[in-house]
Amino acid sequence: MYKHRLITIIAWVTLVFIFLPLLLIVITSFNSADTITLPLEGFSLQWFVKVFKSRSLVQSFKNSLVLALVSSSIGIVFGLFTSVALVKRPGKFSNLLLSLFLSPSLIPGIVIGYVLFRFLVVQLQLPLTFSLILGHLLVVMPYSVRIICASLKNIDESMEEAARTLGCTSSMAFVKVVLPNLRPAIISAFMLSFINSFNNIPVSMYLKGPGMNTLPYAMMNHIEYNYDPTVSALSVMLMGMTLLFMFVMDRSMSAQRQKSKTVCGE
Amino acid sequence: MGFGELRHIDVSYDKKNFILQDLSLDINKGELLSLLGPSGCGKTTTLRVIAGLIEASAGTFVLDGVDMTHTPVHKRDFGMVFQSYALFPHLTVYENIAFGLRLRKLDEATIKKQVGKIVDICDIAGFEKRFPKQLSGGQRQRVALARALVIEPKLLLLDEPLSNLDAQLRLQMRTSIKRIQQELGISTVFVTHDQEECFSISDRVAIMQKGKIEQCDSPERIYSRPATQMIARFVGFKNFFTIEQANQLRIATDGAGQDTKMLCIRPEDIVLGAKESSGLNSTVGTVEVRTYLGKAYQYEVKIPQATVTVVNSEETVFGVGEIVTLAFPREKLVFLSR
């Protein structure tokens with residue numbers, strides 16, 4: 001096959017452009033020097049240890065984890081019900097409503113954060129945790145709605161009807177037949193939601209408060225006052241976590257594929 | 001009194017445009033009844049009303065003496081096969097078929113026995129562990145049929161089940177469906193737009209148009225005695241005459257009733273002869289076009305009032321421009337009121 005050299009070069013340059021900064025962070029996180037510098041002075045794991053010693057980083061990691069899990073889960077449930085309403089009971093305003101549900105992803109996060117701050121914190125004086133969850137729900141919900149809606153539209157409606165003729169009530173048919181086939185969509189919606197909530201800075205920035213910080217913001221704070229590779233070490237661990245996550249997902253999915261393949265070969 | 005009775009069924013979403021209007025239909029026990037008609041005629045709607053997937057805005061549905069008009073779908077115990085098969089992709093063939101039995105809370109041994117039985121009847125033994133994706137179109141069709149039949153339904157409903165198959169497989173499957181239906185003696189309603197398919201396997205055919213049943217009869221009756229002009233054209237009648245035309249042509253109209261508007265005859269039922277034999281029930285015309293059909297010749301014959309299509313398989317061949325006599329055998333004439 002003919003390979004154009006220029007294309008190969010561009011591909012490599014792009015790859016380097018994407019991965020070099022990540023690689024640098026990985027390398028410097030193992031450096032014993034107390035600033036982010038090259039060349040390396042020596043090998044050390046002290047920055048990793050320091051991450052676990054920093055109370056603010058550990059606490060904010062826990063906060064972000066719980067926040068992302070809770071808001072993504074609620075977002076999935078919300079997205080599921082919204083999609084069912086929009087797809088199964090389409091009306092005059094379905095398209096308008098869909099755009100409305102997706103709109104938080106189009107509005108700048110900084111605006112959402114500010115508005116929520118004025119409304120939830122200043123006006124209603126809701127507890128911090130609660131308003132943070134609400135804020136993040138607003139951030140992640142469009143992903144669930146969009147992905148689950150698209151997947152639901154592709155599921156043959158007569159499948160549900162078939163289940164009903166076989167003895168299911170409508171809601172049983174949904175649980176037994178539609179939900180299992182929405183699983184891939186729900187998993188990917190959950191992953192996207194989780195990542196977006198976990199990474200979010202603009203909304204958290206307004207809604208966080210004393211004793212309630214999120215990881216990205218804590219990291220920013222840390223960098224502002226320290227120039228040591230602690231954050232590098234933390235980033236490496238986050239990358240590792242993501243890789244592990246993806247690996248497990250891939251394994252569980254390919255295991256399923258493998259299962260169907262062996263059956264086919266029988 | 002039929003086994004199943006639809007009476008005065010209306011289906012309408014806005015009370016102005018009726019998808020079905022005042023439709024009545026009997027389903028006899030153990031028969032295969034087809035609903036035949038062009039797309040949009042309401043045949044699928046009728047089936048869905050029977051299944052309970054659509055609520056009729058008026059009318060009743062009684063099955064075996066039980067009023068089922070307002071019985072929800074899941075309590076009707078009807079088996080239905082959908083055009084898209086609607087198999088559950090996340091379940092194996094075995095679990096697809098067992099689905100209805102599990103909902104009936106049967107024990108595992110009974111389920112296994114029943115699935116095994118129906119799998120043999122539908123000829124899909126050996127595929128139980130596969131997923132629907134790993135099956136061919138014909139196999140999916142059989143699984144869908146097995147899944148509908150395993151619950152021992154009171155009624156089997158088939159919604160254009162063969163339309164997604166290629167021509168050869170369709171022929172095979174329709175024979176299978178007929179065989180299984182007869183073997184189990186199950187009353188079946190079959191929706192199709194394919195006339196040949198429908199006539200070949202049905203005990204009775206209901207021909208539908210614009211939300212109404214035009215004629216409901218055995219295929220043989222429909223073929224020989226169509227009730228309307230539309231059906232007559234559908235089953236191969238090509239020559240239509242008004243009463244006035246018939247009188248002018250000296251065709252006997254003594255079989256006509258008061259409401260007869262037209263009479264018709266098939267091209268192959270007209271007897272073509274040489275010029276001299278002209279009498280009652282026959283007329284003279286000129287051959288305009290002759291086409292060779294293999295077993296016979298088809299002629300377009302110009303008579304004063306119209307052009308008549310005749311198919312003649314006799315040995316005598318007439319040339320273009322030749323004067324011929326057309327005889328219309330009285331018993332072959334069909335009188336239409338619409």
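1. Strand 7 of chain B (residues 155-159) is mostly covered, with five of its five residues buried. Buried here means that 20 or more other C-beta atoms, placed from the backbone, lie within 10 Å of the residue's own. Strands are DSSP runs of E of at least two residues and helices are runs of H or I of at least four, numbered from the N terminus.

2. The model is predicted: local features need pLDDT of at least 70 and side-chain atom pairs pLDDT 80 or more, whereas totals for chains, interfaces and linings use all residues. Residues are numbered from 1 along each chain as its sequence is written, and chains are lettered from A and ligands numbered from 1 in the order in which they are written.

3. In a regular strand the side chains alternate between the two faces of the sheet. In strand 7 of chain B, one side carries Leu155(B), Leu157(B) and Asp159(B), the other Leu156(B) and Leu158(B), and all are buried.

4. Strand 7 of chain B runs parallel to strand 6 of chain B (residues 78-81), joined by four bridges; pairing requires that DSSP finds at least two bridges. Met80(B) has Leu157(B) as its bridge partner.

5. Strand 8 of chain B (residues 188-192) also pairs with strand 7 of chain B, in the parallel sense and over four bridges. There Val191(B) stands opposite Asp159(B). With helix 5 of chain B (residues 167-184), these two strands make a right-handed β-α-β unit: with the strands pointing away from the viewer, the path from the first strand over the helix to the second runs clockwise.

6. At the interface, 18 residues of chain A are in contact with 22 of chain B, contact being C-beta atoms, placed from the backbone, within 7 Å. Strand 6 and helix 2 (93-103) of chain B each supply at least two residues of the side of chain B that touches chain A.

Definitions and conventions: Buried ≥ 20, exposed ≤ 12 C-beta atoms within 10 Å, placed from the backbone. Contact = placed C-beta atoms within 7 Å.
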